[in-house]
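These are my notebook entries on a structure I went through on screen. I list what I looked up, with the cut-off for each term where I first use it.

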Amino acid sequence: MPARSEAARSEVARDADAALTALYSEHYRSLVRLAALLLDDLGLCEEVVQDAYIRVHAAWGRLQDRDKALAYLRQTVVNLARSTLRRRLVALKHAPKPMPDAASAEEGAYTLVERAAVVQALRELPRRQREAVVLRYYADLSEADAAAVMRCSVGSVKAYTSRGLAALGTKLEGLR
Amino acid sequence: MSGLEPDELRPDGIRPDELRRLLFEAVEPIRSSPEAYNRIRGGVIRRRRMRVPAMTFGGLALAGLIGFAYVAIDPRPSSNLVEPARPPLTQSVTDTTAVRASSQPAGHGGSTGSGGVRPSATPGRSEPAVTATDASPGPASTATATRPSTTPSNVNSPTLPPPVSFPAKPGDIDGDGVIDSPSLSGSTIVVALSRLGTVSVTLPAVVSPLTASVVDIDANGYGELIVQTDSSGDTRNFGVIRLAPNGQLQVVSGSPLHAGLNGTHGDGFRCESGTFAAVAGDNTVDRIYSVTSTTWQLTKVGFTKVGSPTSSTVDLASAPSPFTAGCGIA
C-alpha cells in the first residue's frame with residue numbers, strides 16, 4: 001500500500017511538472033500583464049504570478065478538473081494581487097528567494113506601462129471596479145467567470161464594470 | 001472576446017472595445033523575465049523541501065499544546081498524598097506535648113530508656129475532655145517497652161505506628177488491620193492489642209457481661225472502643241475509649257451515646273462517616289415522637305457538635321425506631 005501511494009505521488013508530481021511547464025509557456029506573459037493591471041506596484045506583478053504558479057503546482061494533486069488549471073491560476077493571481085494590495089506586503093515574504101536577484105528585463109517595460117494613461121486611470125478606480133474591468137476587458141472573461149474569480153454575483157460584476165467604465169471614461173477624458 | 005453590451009455603452013463612459021485596445025497597448029511592452037521559469041522551479045523545490053519540516057514542527061507544536069492543556073486542566077490532586085499523614089489524633093493535647101518534648105534538648109524530655117527523645121506518657125495529665133483514667137502498670141509497661149519506634153514523618157501521632165487504613169477496620173484498635181479483642185475484668189477493660197501488646201483501662205462502671213464494639217468513629221485509622229457502662233431504666237449508657245498517642249487507653253468523657261426507650265423519652269445513636277448522630281425524642285401522641293438528631297464528632301477535645309440539630313417526627317407504628325444503639329452494638 002505505501003509503495004502504491006508513493007508511485008501515485010510520483011506520477012502526480014510528474015504531471016504537475018509537465019503542466020507547470022505548459023502553463024508557463026502558454027500563459028505566463030498574459031498573467032503577468034493581468035497582474036500589472038491589477039497591482040499598484042508593477043514590480044510585484046511577476047512575483048505574484050510566479051507564486052501563483054508555485055501554488056498551483058503544489059495543489060496539482062487536489063485539482064478536480066485539470067482542464068481548468070488556467071482558471072485556477074488566474075484566480076490565484078487575482079487573490080494574490082488582492083492580498084498584496086491590501087497588506088502592501090510581498091506575497092510569501094517569508095519564503096527566501098531561490099536565486100540572487102537579477103536585474104529585471106522588464107524594468108524598462110514597466111516604466112512604459114506606468115506612463116500609460118489608462119493604467120493611471122485604472123489605478124484610481126476602487127479595487128473591485130478595477131478587477132471587474134480588467135477581468136472583463138483584458139482577461140476577456142465572461143461575467144459569470146469574472147464573478148467566479150471575484151467571488152461575487154454576476155449582478156455585482158455588471159455593476160462594478162458599468163461604474164468602472166464610466167469612471168475610466170471621465171478620468172481618461174481628463175488626462176487628455 | 002465578448003461583444004458589446006447595451007448597458008456598457010454609457011454616454012459618459014469609455015467604449016469597451018476602446019478600453020480593451022488601450023489595455024492591451026498599455027501592457028504590450030511587458031515581456032516575461034528570462035529568469036521567471038527558473039524562479040518558479042526553485043520555488044517548487046523549496047516548497048517541497050519545507051513541507052516535511054513544517055509538518056514535523058506543526059506536529060510537535062500540537063503535541064506540546066495538548067500536553068500543556070492536559071497539565072493545566074487536570075492537575076494532580078495533592079491531597080491524596082497528604083491526607084493519610086493527617087489523622088485527627090494529631091490534634092490531641094498529648095501530641096502537642098510530645099512534639100514539644102521532642103524538640104527540647106536531650107535530657108529534658110523524660111527518657112524511657114528505649115528512646116531518648118520520646119516523652120514519658122503520664123496518665124492523668126491535664127486535658128479538658130480526654131482523660132486517661134488508668135493504665136495497668138504491668139501489661140502497659142510491657143507494651144510500652146516493646147512498642148516500635150515512631151515514624152518520624154508521622155508528626156501527628158509521635159508514638160503510635162501509622163495505621164494501615166482509614167478508617168480502621170471494625171474491631172481494630174491499634175491500626176494494624178488485625179482485630180483486637182477486649183475483655184472485662186471487674187470494671188477494668190483489658191485489650192490485647194495485636195501490635196502494641198496488652199493494655200487496660202478501669203472505668204467507674206461497666207456492664208457485665210461486656211457489651212462493646214470497636215468502630216473508628218473519627219476515621220483516624222485507630223478504632224474506638226464503645227462500651228456499655230450502665231443503664232438508667234431502659235436506657236443504656238455507653239462510654240467511648242480510644243487509643244491515646246502514648247499507646248494507652250483513654251476514656252473520652254462526656255459521651256452522648258445513649259440508647260433505648262424510657263417512658264416517653266427515647267435515645268439512640270448511629271455511626272456515620274467520620275461522625276455519629278445521636279437522636280433524642282419525646283412522645284407526643286400515641287406512638288409519635290418528636291425527634292431531634294444531633295451530629296457529633298470526636299476531636300482532640302472530646303465530643304463536639306457539628307452543625308445544628310435537626311428535628312423530625314417519627315411514628316414508631318410505621319417507621320423503624322431510631323432509639324437504638326448503632327455503631328456495631330448488638
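I call a residue buried if 20 or more other C-beta atoms lie within 10 Å of its own, exposed if 12 or fewer do, and partly exposed in between, with the C-beta atoms placed from the backbone. Helices (H or I, at least four residues) and strands (E, at least two) are DSSP runs, numbered from the N terminus. I keep in mind that this is a predicted model, in which local features need pLDDT of at least 70 and side-chain atom pairs count only at pLDDT 80 or more, while totals for chains, interfaces and linings use all residues. Residues are numbered from 1 along each chain as its sequence is written, and chains are lettered from A and ligands numbered from 1 in the order in which they are written.

**Entry 1: confidence**

For pLDDT, the predictor's confidence in each residue from 0 to 100, chain B averages 74, and 70% of its residues score at least 70. Residues 89-157 of chain B have a pLDDT below 50, although the model gives this stretch 118 contacts beyond near neighbours in sequence. Residues 1-11 of chain B also stay under 50, with 14 contacts beyond four places in sequence; here two residues are in contact if their C-beta atoms, placed from the backbone, lie within 7 Å. I note that where pLDDT is low, the predicted coordinates should not be read in detail.

**Entry 2: helices of chain A**

Helix α2(A) covers residues 45-58 and reaches 20 Å from its first C-alpha to its last, close to the 20 Å expected at 1.5 Å a residue, where the expected span is 1.5 Å times one less than the number of residues. Helix α6 (residues 127-137) of chain A is mostly covered as well, with 9 of its 11 residues buried; among them are Arg130(A), Glu131(A) and Arg136(A).

**Entry 3: nonpolar cores**

I take a nonpolar core to be a set of buried Ala, Val, Leu, Ile, Met, Phe, Trp, Tyr and Cys residues joined through C-beta atoms within 7 Å. The largest one has 59 residues, and those with the most contacts inside it are Ala35(A), Val48(A), Val49(A), Tyr53(A) and Val77(A). Helix α1 (residues 2-38) of chain A supplies the largest share of this core, 12 residues. Leaving aside neighbours within four places in sequence, Ala35(A) is in contact with Cys45(A), Val48(A), Val49(A), Val77(A) and Ala81(A). A second, separate core of 40 residues includes Val227(B), Phe276(B), Val279(B) and Ile329(B).

**Entry 4: strands of chain B**

Chain B has 5 helices and 13 strands, and buried residues make up 35% of its 330 residues. Two strands count as paired if DSSP finds at least two bridges between them. One open sheet of 3 strands has the order β2-β3-β4 (chain B), with antiparallel pairing, and its edge strands are β2 (181-185) and β4 (197-202). Between β2(B) and β3 (residues 188-193) of chain B I count 5 bridges, and Ser181(B) has Ala192(B) as its bridge partner in β3(B).

Elsewhere, β9(B) and β10 (residues 265-271) of chain B pair in the antiparallel sense over 3 bridges. These two strands form a hairpin with 2 residues between them, and Gly263(B) in the turn has a positive phi of about 70°.

**Entry 5: β12, β13 and Ile288(B)**

Strand β12 (residues 288-299) of chain B pairs with β13(B) in the antiparallel sense over 11 bridges, and a hairpin joins the two through 2 residues. Ser290(B) stands opposite Thr313(B) in β13(B). Strand β13(B), residues 302-315, is hardly covered, since the count of buried residues among its 14 residues is 0.

Ile288(B) belongs to β12 and is partly exposed, with 16 other C-beta atoms within 10 Å. Not counting residues up to four places away in sequence, Ile288(B) touches Thr313(B) and Asp315(B). The C-alpha atoms of Ile288(B) and Thr313(B), which lie 25 residues apart along the chain, are separated by 6.8 Å.
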